Structures are given as C-alpha cells and as structure tokens.
Amino acid sequence: MFETIALLLIIALATFDLWVGVANDAVNFLNSAFGSRVARRRVIVIIAAAGILFGALTSSGLMEVARRGVFDPSHFVDAQGAIILTSILALYLGVMAADVLLLDFFNTFGLPTSTTVSIVSELVGASIAVAFWTNGGGIGGALGVINSGPVLGIYSAISLSVVTAFVGAAVVMFLVRVVYGHDLGASFPRWGWLWTGIAFAAMAYFVLFKGLQGAAILDDETMSMLRDRIVLILGGVFALAGGLAVVWRRHPAKVIGAIVLTGTGALSIAFAGNDLVNFIGPSVAAFQAVLVEGVDLSGRVGTPPWALLLAGAIMATALAQSRKARRVTDTEIRLAAQGHTRQRFGTSRLGSTLVSAGYACLGAARRVTPGGIRARIEGRTAPPPLDPAAPPYDLLRASVNLTVAALLISIGTANRLPLSTTYITFMAAMGASLGDRTWRAADAEQRVTGILVVLGGWLLTGLIAAAGAFVMASLIVLTGTAGLPIVAVLVAVGVWRLGRIRQPEPEHG
C-alpha cells in the first residue's frame, strides 16, 4: 500500500513540478527574444515549444543529476542487495515535495533560481534524512551517504560560471558595440558578416555539444566523428552564415533577428535534451525502483521516450500559459533594460559600494586611454536617446546574450563541467547590459541590488532545498503510510497560500 500511494504521489508532484519548473528555468532562454521583441510572443513560444518537443524526442533520457553520484544507492539496499523501496520512495518523494514548494515560492515573487541547484540540494537533504533515520549510524553515517566530491564539484562549477558569464558577456557586448555602434544600417553592410558568422558558429557548437550530446539519434561513433571534424564544421557554418549576411546586408534586423530566434530554438532543444530529464528524474527512478526488478539506480538509468514526450508537452504548454513565468521574465528584462527603467528593487549599502567602486575603475580606465581613442569609443557606444516605444533592448544585444550563453554552456559541457543554464543565461544578460552602457546613475544601485537579491536567492536555494527535503523525507520515514496524506496536504496548502499572494502584473514578457 505504501509503495503504490507514494509512487502515485511522486508522479503527481513531478507533473506539477514540470509546470512550476518551466516558469523559472525554461523562460530564461526566452528572455532575449521577449526583451528585443524580435517577433510576436506567440511566434517565440511556438519556436521554443517546438525545440522542447524535438529535444525531448531526441534525448537519450539518461538522468544526469538524479544518478550522477549525489548519493550512494548502496546505502539503501538490504542484505540480498535488493533496493529498500520504502527508503528510496521516501527519498524521492521528499525531493519532489520540497521542489514544488521551493520553485513555486520563487516564481510567486518573480525571482529566477537554479533548478539544478535545487534538485541536487534536495537529493542531498532527503538522502541524509533517510540514512539518518534508517541506517542507525548517527549523523556521521548519514553524511557518509553523500558523495561529497561530485556535489562540491557541481557547486564550484556553477559558482565559477556566474562570474565568467557576467564578465564575458560584458566584454563581448562592449566590443560588439564598438564595432557596430547603434546605427546598424551604416555598420552592418560592411561588418555584418563577422558577427553573423561568429554567432551561428557558436550556436552550431552549442547544438552539437549540448543540444545533441548523448541524443538517441546520434550514437557514440557519430559524435566522435563530429568532434574530429569540429573545426571544419564550424568553419563551414561561419562561411555560410557570413555569406548570407553579405547577401542580406541591407536588412540587418532580419539577419540578427534570425540569430535571436535560432538561439532561442537551440537553447530550448538543449534544455529538453539534457535538463528536462532532471525534472522527472526522481519520479522515473522511483517508478523503475518499484516496477523494474533489479534496476541499478547508480548505473545508466534511462527515461522512457513516452515520459520525455509527455513532460515536454507539459512544459511547452506551461511556457504559453503560466503567468508566474511572465513574472520571472519581467524581473530579468527590467534589470537589463535600456535606459532608466522602473525597477522592482530599492538600493542597498552593498549595491552602493559596488557601484562606487565600478565608477572609480571606469574613471581610472578613461584617464589612461588616449583622448582620440576615448572619443571614438564614446561615439560608438553612447546610448541613443531613449524611445519609450522601443523594446527594452535591441536585437544586437539580444544576439550577444544568446551567443555568449550558448558558447559558455557548450564549452562547459564539452569539458564535462556541471553548469546551470539559469545562472549563465541570467548573468550573461546582466553582463551584456553593463557592457552596453545601459546603467545610469539614477538606477545603477537598484540594478545591482536586484542582481544581488537574485544571487542571494540562489545561495539560499541550496540551504532551503536541502532543509525542506530533509523535513519532508523525515516525516515520511517516521510516519510511514500515514505521513503520505500529510505531505500531500502540506504541499497543497503551500501552493494555495502562494497562489493567494498578489503581485504586480508584469510589464514585459
């Protein structure tokens, strides 16, 4: 009875988790398209939905986060080596219950957070709880169930990616603006081929090493062949894209718009092909532990294609329908918008200190730059007069957001570094807004404070997720079948209360 009820509850929570998860994770790759208004919202959502469904269909379905060594499953087997179902189900149910509440909380207040960090932290908290209450080894034995090396590696790589994405996007955006300025009609006919070639080559690299990495349609031999010819492939993409930019040099908006829409589709394919399975990984692992005799949760546990397709369909629907997803989008677009924009955050002492330090560094850089060079740079990068009817940022910056994010994610994937697409896409957009000189004295402190609030939320995500999963898993272990309806009620009441919190209607997205 316990196994049946627990499994049904896990599947129900996983379904809802897909809905709240897309509101905080998948919307990140839509923000550049929404912020630049490259197309109607319906068109952007259709492209993203098609990418998600294609990525789901081509995914290998291997559960990276749920199986990559966060905990050692050997601690949850009996003397005969069989999985102790009550322990595994309590663990995964604790993860799903905590994840739904955590993500819905962040969505309610329009704050982006990392679903990778949340899932990993919840696996840590729930596995410690189950080991503590069932193995009898005390807190030391419970902590021993965690494979600390991989977990610390995930956190370290993600922390490094925050700084890299911000600085990298700021530098690239500044250089691109120096080359192209704000009048693309004058600069694009001469230099448009360069950025177009670079952007599409980066997208191709991203699709190969992130979007199709481990895809079911490509076997290991084919992927190896593609890697061996990667320079030739990217060179061909660069030449082809650059040639098309030359042909369409009088239509820069169409060419750069194609970059933005292509990048949106590429990120959605990669999301579904690699990250989507992490949302349903715990529920699939629980499902197979109950129904598949002798399954090894520490091995290559795959997700059935029908489950991936169903999950992709749910997420594609959530992209179009979720109002909380628009709140998250609105927060990010406001922080990166051109000119003085009404922000959701006030000022802070730390934000003021960082802004003052930034202005001091900028002043020092200007003093050592020759006057002639400084004047030319100023003429190319000075923001144009603010047009209230203009989008929050232009197509060129949107293309930089997506290109830098795609390149960093693909480099990390190629080097087997665990990364958060949320961290990278958000920080790339923030860095590009700084490099594009959008911050003004009137709102710079508010923007910095907003970024600090988001970063602080990410830091708290790990602690809150681990603690929440620990509590949920402990409740299930200690109360058994009687605790299952309690967990269901707690989640339902929590979601209901969060739904009653009224927030301002989003202006963007």
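**A walk around the largest pocket**

Let's start with the largest pocket, which holds about 1300 Å³ of space. Here a pocket is an open set of points on a 1 Å grid over the protein atoms alone, with protein on both sides within 12 Å along at least five of seven lines, and its volume is the space filled by probe spheres set on the points. Its lining has 35 residues, and G358, L362, L434, G435 and W439 are the closest to its centre; a lining residue has an atom within 4 Å of a point.

Keep in mind that this is a predicted model, where local features need pLDDT of at least 70, side-chain atom pairs count only at pLDDT 80 or more, and totals for chains, interfaces and linings use all residues. Numbering runs from 1 along each chain as its sequence is written, and side-chain values use heavy atoms, with hydrogens and water left out.

Who builds the lining? Helix 15 (349-368) is among the helices supplying at least two residues, and it gives the most, with 9. Helices here are DSSP runs of H or I, at least four residues long, numbered from the N terminus.

Helix 18 (421-435) and helix 19 (444-479) also contribute at least two residues each. These two pack at an angle of about 170°, their axes 12 Å apart, with axes fitted to C-alpha atoms over the stretch in contact and angles running from 0 to 180 degrees between N-to-C directions. That makes helix 18 roughly antiparallel to helix 19, a label for angles over 145 degrees.

Zooming out, the protein has 20 helices and 0 strands, a strand being a DSSP run of E with at least two residues.

How values were computed: On a 1 Å grid over the protein atoms alone, a cavity is a set of points where a 1.4 Å probe fits but cannot get out, and a pocket is an open set with protein on both sides within 12 Å along at least five of seven lines; lining residues have an atom within 4 Å of a point. Angles under 35 degrees count as roughly parallel, over 145 as roughly antiparallel, 65 to 115 as roughly perpendicular and the rest as oblique.
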